Amino acid sequence: MFSLFSAGFALLCMMFLHQEVALLPFPPGMAQTECRGRYFWIWLDKTALGQNTWRYGVVNGLGQHIPVTERVAAQCGFTSSADLYGNPVVRVSFLACSVRNLCLGNGAHLQVEAIDELYRIVSNFDQEFSLQLQVEVTSSRNLTVAYDVAMKCSLDAPWSPREIVCEENYMEVSVRRAVPGIASEALNEDWVAVWPVAQGAVNQVWQVVFHFQNASLQSMPATQAHALGYGVNTTATRVLFRTPYGTQQTEVTKVEGLDVEVARATVFYKQAWMMLMVDTAVACPINPPVFTATTLSWVTPRIMPSLVRFPRQYRDEAVEMGLDGRVVAAATIVKNGYTFLTDDRLISILVPIGAPGGLTESDVVDNRYGTTYSVKLLLDRRWQGDESDRTRHCSRKTIRTPFAPHTPVLLNNTIPERGYFDVDLGHFFPDVELAAVDVGGEPLRPGDLKRRGFILDEVPNPNNTRVFTLQVPFADPLVEQQYLHDNIRRYTLRLNYTLILTPKDKPFTHPGVIECEVPDVVLPTFEGFCGAEQIGLVMTHGNLDRYWIPYVGNRPLTNEVAVARNYAIQDDGSHFYLSVPPLAAGLVYEDISLQGLVARLDFNLRDDKTREILIAFPIACTFPTRKLLVCFPNGTMAATVLSLDTKPALDPRRTHLRDKNCGPVAADESRALFSFPVATCGTTRRLEGNYLVYENEVIFRREVISEANPVITRDSQYRLTLCCRYPLNETLRVWARRFLGQRVTPAAFRPRAPLLAYRQKRSAGDHIVFQEAGHASEGIADMWAWIPACSIVVVVVMCLIMFSRLLGSLV
């Protein structure tokens with residue numbers, strides 16, 4: 001009998017015929033083949049393929065290569081997909097185009113003259129099959145190599161009278177076409193409907209009639225059905241009908257509330273003396289799986305009316321579950337935790353997410369790490385409807401769960417006594433690789449981490465996940481250190497992991513901060529000293545202060561500041577020395593009185609990032625007053641007057657400023673101390689460049705005879721000019737503050753017990769927390785702090801002394 005498919009497939013051969021090429025066998029390990037069920041299975045190794053592209057075609061009985069496109073695959077019984085691990089898989093039905101039936105000699109078509117012989121040996125046909133594929137691999141340089149795949153497979157179980165396959169890309173039904181005995185039952189309704197069409201059809205032409213739910217029919221020759229993408233064929237013993245999903249002639253119906261796609265077709269062949277009609281209806285469940293947080297389920301109808309004519313006579317012969325095209329035993333179902341149930345209406349398969357038999361793989365969405373779980377399910381059923389209705393129905397379902405985010409877990413296993421951070425990051429599947437770790441802002445690859453002395457390792461878990469472990473010494477410069485209190489130091493390790501999904505080349509990051517407080521701080525110790533012309537300290541280094549910044553007051557103690565202020569500093573690695581002149585900028589002057597000048601050096605150590613004061617060590621020393629002129633930043637002037645400034649000596653208690661009401665705030669027979677705001681006591685001011693100059697005078701009140709007409713006196717004439725220069729911007733700030741209503745008053749100088757020169761020693765653990773009072777602002781102190789009177793008015797004083805002597809001689 002002439003093959004039905006020969007005419008239609010000949011057209012495909014003409015359309016897709018390629019030039020013959022020399023075929024090479026696959027290199028070892030690059031491809032794997034297997035006969036499984038009713039299929040040829042071919043796997044390609046994704047690692048061997050690399051970045052190369054591939055395509056395949058089938059070689060027909062004439063040695064011609066026909067490319068298999070998506071349309072050809074669905075029409076001819078080819079399926080191309082990937083296994084759970086991403087390896088390309090080609091699955092070819094035993095009844096596919098160009099698969100040769102070895103019992104037919106060379107696989108060519110039977111001639112009409114061989115019909116009698118066919119019926120005698122029909123039971124020996126459709127038992128062994130052969131296939132030849134050609135796989136073309138193209139490199140990035142557009143170089144193509146063709147590989148040959150030749151297979152032979154035998155049927156593993158006898159054909160059922162009707163076999164239906166629900167593949168990923170097509171639906172297929174094959175029906176045994178051996179002539180049965182005389183049937184006692186009436187024709188079914190599809191045959192009744194198609195009978196008039198068949199009687200009026202052209203002889204010796206295969207026809208296909210499609211039935212629809214609205215009772216309409218559509219008839220067409222098999223060649224037209226081929227043109228629409230359907231596969232209609234015959235073998236020695238079977239009639240085949242194959243349809244892609246979602247065509248114009250298929251319909252979706254509801255069965256037990258579930259979607260089922262149905263193609264009701266009758267294939268018939270008519271000759272003058274006979275007519276052969278074959279019911280090739282096919283139905284496949286297409287409802288999507290149902291997901292919960294922990295499970296996935298696939299539910300199908302137990303009975304599909306379009307396939308069962310007598311539901312009351314329906315009886316299950318076998319209902320089996322399988323994985324990846326192979327039926328699994330009941331013990332395996334229990335062991336893997338599956339649930340496989342059948343009732344009067346439904347058949348359901350429930351699989352725990354992550355169960356054996358499937359594959360959990362990593363994925364990245366918006367820099368979030370997560371997983372998906374994939375499983376390839378098989379539902380293999382055999383039933384009997386009536387005496388002539390024995391059907392095998394196989395459905396394949398590839399299920400992939402939606403993306404489920406999994407936040408990586410950063411575990412801190414650090415034990416402070418060990419002296420290093422011990423950090424775990426997990427849990428990742430084998431498809432995740434560690435690309436780099438940013439430690440303290442410096443990106444380091446795994447090799448860099450190890451060369452730096454870090455310990456990096458991978459630890460496997462029993463559930464096929466793994467953990468990345470990292471050990472970083474506390475002493476590494478990339479680890480932040482912060483002094484807290486007493487002898488407690490906080491180590492901070494800032495991490496940012498960069499990981500990558502190796503199969504998909506998807507990177508993602510995960511940050512982390514690990515802190516550890518350790519009682520390992522050795523605090524610095526201080527020894528202060530007061531000299532005749534200096535105030536200073538000696539600091540014995542601890543193990544942390546080298547990370548701190550030394551300050552004097554509110555100014556960092558840099559080399560530039562030390563030179564500008566005439567400080568003397570030295571550091572030999574174990575000790576730090578600082579010596580400051582008593583009238584240098586940066587000191588705080590707590591008191592000025594006739595008893596002496598109290599100067600304080602506020603030395604402190606600050607955090608190098610937050611500038612928070614960690615340790616403060618103030619040192620106060622008392623220096624003799626002598627001649628002194630002081631210009632305070634709050635707009636107050638202070639000066640001393642000595643009795644020995646004139647000859648004969650004057651009485652300082654009888655001195656005053658321009659305003660006679662402004663006398664000394666303290667005086668005895670040898671010295672007088674004046675303190676007054678620059679806006680009082682007759683003080684004048686003038687502008688000199690960027691400075692505002694304030695000036696006043698100390699005047700000696702002489703005693704004369706007589707008071708009414710003073711002529712004779714023994715007292716010297718004495719005038720001492722006091723002058724202070726303020727930067728203009730600072731002066732404006734001072735006056736603006738005064739105009740806003742804040743009263744500017746002199747610093748309070750109260751008599752106090754004299755402070756002798758002393759040496760003080762104190763550890764940082766007993767440091768002083770203090771509130772500064774009366775200290776100079778940085779803008780003034782840098783240029784015009786405590787100034788000795790002789791440095792400004794020495795010429796004035798000398799002139800006044802000479803003038804007083806001259807007057808005395810005249811009198």
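This is a predicted model: local features need pLDDT of at least 70, side-chain atom pairs count only at pLDDT 80 or more; totals for chains, interfaces and linings use all residues.
Good morning. Cys35 is partly exposed, with a relative accessibility of 37%.

Cys35 is joined to Cys153 by a disulfide, with an S to S distance of 1.8 Å. The link of Cys35 and Cys153 is left-handed, with -80° about the S-S bond. Cys35 belongs to strand S2 and Cys153 to strand S10, so this pair ties together parts that are 118 residues apart in sequence.

How many disulfides does the structure hold? There are 6. Counting bonded cysteines along the chain, their pattern is 1-4, 2-3, 5-6, 7-8, 9-12, 10-11.

Another of these bonds connects Cys166 and Cys284, whose sulfur atoms are 2.0 Å apart. Cys166 sits in strand S11 and Cys284 in strand S20, so here too the parts tied together are 118 residues apart in sequence. Both Cys166 and Cys284 are buried.

A further disulfide joins Cys76 to Cys97, S to S 2.4 Å. Cys76 lies in helix H3, and Cys97 in the loop between strands S7 and S8, 21 residues apart. Cys76 and Cys97 are both buried.

Arg242 is found in strand S16. Is this arginine buried or exposed? Arg242 is buried, because its relative accessible area is 1%, and the cut-off for buried is under 20%. Its side chain reaches the backbone oxygen of Leu95 at 3.1 Å.

I turn now to the spaces within the model. The count of cavities of 30 Å³ or more is 7. The second largest cavity holds about 60 Å³, and its lining includes Trp41, Arg91, Glu168, Asp324 and Lys376. Strand S29 gives the most to that lining, with 3 residues. By class, the lining of this cavity has 2 nonpolar, 2 polar and 6 charged residues.

The second largest pocket has a volume of about 1200 Å³. Of its 49 lining residues, Leu359, Thr360, Glu361, Thr372 and Asp431 are the closest to the centre. Which element supplies the largest share of the lining of the second largest pocket? Strand S28 does, with 6 residues. The lining of this pocket divides into 19 nonpolar, 22 polar and 8 charged residues.

Thank you for your attention.

Notes
Residues are numbered from 1 along each chain as its sequence is written. Side-chain values use heavy atoms; hydrogens and water are left out. On a 1 Å grid over the protein atoms alone, a cavity is a set of points where a 1.4 Å probe fits but cannot get out, and a pocket is an open set with protein on both sides within 12 Å along at least five of seven lines; lining residues have an atom within 4 Å of a point. Grid points are joined across faces, edges and corners, and a volume is the space filled by probe spheres set on the points. Helices (H or I, at least four residues) and strands (E, at least two) are DSSP runs, numbered from the N terminus. Ala, Val, Leu, Ile, Met, Phe, Trp, Tyr, Cys and Pro count as nonpolar, Asp, Glu, Lys and Arg as charged, and the others, Gly among them, as polar. Buried means under 20% relative accessible area, exposed over 50%, partly exposed in between (1.4 Å probe, protein chains only). A polar contact is a pair of N or O atoms within 3.5 Å; within protein, one must be able to donate a hydrogen and the other to accept it, and residues adjacent in sequence count only if both atoms are side-chain atoms. A disulfide is a pair of cysteine sulfur atoms within 2.5 Å.
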